[in-house]
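Take a look at the model below. Then follow the text from the overall fold to single residues and on to the partner chain.

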Amino acid sequence: MSPTQTNLLQGTLELLILKALVPAELHGLGISRRIEQITKGTFLVKPGSLFPALHRMEEAGWLSSFWGESENNRRAKFYRLTKAGERQLGSETEHWTRIALAMTNALKST
Amino acid sequence: MGLGSRLKSGLLNLFRKRQVESHLDEEVRSYADMLTDEKISAGMSGSEARRSALTELGGIEQVKQAVREHRAGTWIDLLWQDVRYGIRQLRRNRGFTLTAVVTLGLGIGATTAIFSAVYSLLLRPLPYHDANRLMSNAMMHQPGELKLLRGPFQPSAEGDLTMHESPWRMHGSMGPQ
């Protein structure tokens with residue numbers, strides 16, 4: 001996989017994680033399922049990329065985490081958005097919208 | 001804020017490694033457990049669900065390693081591992097270590113000695129005021145003419161006096177004979 005592709009996917013994954021955490025705090029599997037749901041099954045996030053992203057984002061201060069109980073009483077690590085995370089979501093959404101628009105226009109032109 | 005929290009978690013990763021590791025382990029295991037639960041409620045048998053969950057996960061250890069590689073401060077950890085590995089290797093190959101140390105020692109020693117000599121002989125300005133205006137005078141006797149040679153010790157910046165020959169050239173004899 002070329003580096004640009006990886007970067008694009010990495011940016012996309014972070015944006016989706018931020019978006020998934022807006023309504024509620026979730027644990028890892030919950031985030032996966034939520035992303036699956038909001039992208040209508042287009043993105044299946046593997047734990048091998050989900051967990052590194054979560055830890056990186058926590059280190060960047062966008063997420064905070066705490067230990068809690070899952071719906072069927074398993075101890076799980078939950079993530080929630082921080083203020084910095086909300087700001088990040090705002091600026092990345094704007095960035096992404098601009099790219100998506102530019103790409104759509106570029107591909108439509110003849 | 002980003003830098004501060006990265007620094008904080010970098011320090012945490014370094015100094016409370018065991019705790020960070022056990023939390024990571026617990027987190028990934030609980031993910032596997034919940035995935036198993038999900039598959040069981042979708043109708044799989046216990047062992048089948050477990051196997052399928054682990055396959056989907058791609059291995060607990062692999063996931064943990066992927067997280068470790070992205071952590072802040074990983075490079076210090078890696079550097080330290082490399083240093084320890086290097087020391088172990090040097091201890092194992094005494095002959096090689098000795099050769100390397102002697103080679104480096106001689107090389108550095110010789111270079112330093114040569115440079116010190118060159119520096120004090122050629123490069124360092126003479127310890128006098130206006131050292132570039134120092135002249136050396138010499139008389140040279142050639143048949144029929146007498147040359148007065150003079151020149152600065154060091155190439156002068158003005159360029160009006162060159163090293164080898166003076167503008168004065170005297171014919172005939174000079175001095176007591």
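The paragraphs that follow start with the overall plan of chain A.

This is a predicted model: local features need pLDDT of at least 70, side-chain atom pairs count only at pLDDT 80 or more, and totals for chains, interfaces and linings use all residues. Residues are numbered from 1 along each chain as its sequence is written, while chains are lettered from A and ligands numbered from 1 in the order in which they are written.

Chain A has 4 helices and 3 strands. Both kinds of element are DSSP runs numbered from the N terminus: helices are H or I with at least four residues, strands are E with at least two. Along the sequence the pattern reads α-β-α-α-β-β-α. Of the 110 residues in chain A, 32% are buried. Buried means that 20 or more other C-beta atoms lie within 10 Å of a residue's own; 12 or fewer means exposed, and in between is partly exposed, with C-beta atoms placed from the backbone.

Now turn to the sheet. The 3 strands of chain A form an open sheet in the order S1-S3-S2, with antiparallel pairing. Strands pair if DSSP finds at least two bridges between them. Strand S1 (26-27) and strand S2 (63-69) of chain A are at the edges, and each has a single partner strand, so one side of each lacks a neighbour in the sheet. S1(A) is joined to S3(A) by 2 bridges, and Leu26(A) sits opposite Tyr79(A) in S3(A). S2(A) is joined to S3(A) by 7 bridges. Here Phe66(A) faces Phe78(A) in S3(A). S2(A) and S3(A) make a hairpin with 5 residues between them, and Asn73(A) in the turn has a positive phi of about 55 degrees. How many residues of S3(A) are buried? The count is 5 of the 7, so S3(A) is largely enclosed by the rest of the structure.

Next come two helices. Two packed helices are described by the angle between their axes and the distance between the axes. The axes of H2(A) and H3(A) come within 11 Å and cross at roughly 115 degrees. Axes are lines fitted to C-alpha atoms, for helices over the stretch in contact, and angles run from 0 to 180 degrees between N-to-C directions. Gly28(A), Ile31(A) and Ser32(A) in H2(A) meet residues of H3(A), including Leu50(A) and Phe51(A). Residues are in contact if their C-beta atoms, placed from the backbone, lie within 7 Å.

The loop between H2 and H3 of chain A holds Val45(A). Is Val45(A) buried or exposed? Val45(A) is buried, because 22 other C-beta atoms lie within 10 Å. Leaving aside neighbours within four places in sequence, Val45(A) contacts Leu13(A), Ser32(A), Ile35(A) and Leu50(A). Leu13(A) is 32 residues away along the chain, yet the two C-alpha atoms are separated by 8.1 Å.

Finally, look at the partner. The contact between the chains takes 19 residues from chain A and 22 residues from chain B. Helix H2 (28-38), helix H3 (47-59) and strand S3 (75-81) of chain A each supply at least two residues of the side that touches chain B. H3(A) gives the most to that side, with 7 residues.

Definitions and conventions. Two residues are in contact if their C-beta atoms, placed from the backbone, lie within 7 Å.
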